[in-house]
Amino acid sequence: MIKVDRAVDGVLSLIGNTPLVNLKNIFAAYNFDLYGKMEMQNPGGSIKDRTSYRIISQALNEGKINADTVIIESTSGNMGIGLAQICLHYGLKLILVVDPHINKQARQLVETYGAEFVMVDEHDGKGGYLNTRLKMVDLLLKRYPNSFNPDQYHNKNNPLAHAETVREINQSLGFFPDYIFVPTSTCGTLMGIAQEYRRLNADTKIIAVDSVGSVIFDQKPQVRNIPGMGSSRSSDFLDQRLIHDVIHVSDEETIMGCHQLLNKECILAGGSSGATIKAIEKYTDKINPNSTIISILSDRGERYLDTIYSKSWINETFGKTLSITNI
């Protein structure tokens, strides 16, 4: 029996309690206060540490996992890193199903933590590889009788992990924020935050940030080049009644937002963080004066050095249509 005790659970006790940082430069000309929730400071480098820990610890406590269980999950990167760290901690075998969009650094990290991975390279016809990855997960679950799928796309512990995220935000501010801009993929973070503010009867407006070409909010699917945000399937968590608005951000805008964060605030962040910055920029004319805004900064930028922060990759992928030299 594997014992889970967060209070003394080594490096996993560092998950959560991430700082809230006042971003004073990037929108200095506007009459609102912007704070970044620095989820990149989780030990595995992303907000998915919260999800991974909640799902695995609950499954252990409920007896769904034992020392011989094989953990099998689909991931575009960060969930895999979070799971790899946690599974190494508990001595669990982990198999990750990934696709060609996984960043080289993310792949190296999960391998360093000892996870195995299976690569799928067939597009699912919806602008990505997700449905192909999920088919492979089903095959692997049949191959390993004693296996467990964290299933971040359906597991209720995904959104439930973010009641704590909300508590931290409110405690850091001392009041409820007016707006929170939340990037989407599984919509676990989005709905966990939205559900908790609804439970608290807060007036906080939840703004979903999605990728152009993602089908979450019924857009026409198209190829997306940056992992970690958007999806090629609808979300089983999504309840649009709890969402005030949704902003769609292109790959090019996402990259520019990342470089704005770097150059204006010295924050090297991942793609979804840049997307929230561009979403706020697009939304400025709708934001009430003197508002307090939270941007969820989901992950570190080091794992995007070969893509978002590589001039050669940008030129190769987008050509002369995107210039970051004057940001």
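Is R50 buried or exposed? At 5% relative accessibility, R50 counts as buried (buried is under 20% relative accessible area, exposed over 50%, partly exposed in between, with a 1.4 Å probe and protein chains only). This is a predicted model, in which local features need pLDDT of at least 70 and side-chain atom pairs count only at pLDDT 80 or more, while totals for chains, interfaces and linings use all residues. Residues are numbered from 1 along each chain as its sequence is written, and side-chain values use heavy atoms, with hydrogens and water left out.

Select E39 next. E39 forms a salt bridge with R50 at 2.7 Å, N to O (a side-chain nitrogen of Lys or Arg within 4 Å of a carboxyl oxygen of Asp or Glu). E39 is buried, with a relative accessible area of 0%.

Move to D245 and K286. Their closest N and O atoms are 3.8 Å apart, in a salt bridge. D245 is partly exposed, at 22% relative accessibility.

Now select K104 and D306, whose side chains meet in a salt bridge at 3.3 Å, N to O. D306 is partly exposed, with a relative accessible area of 36%.
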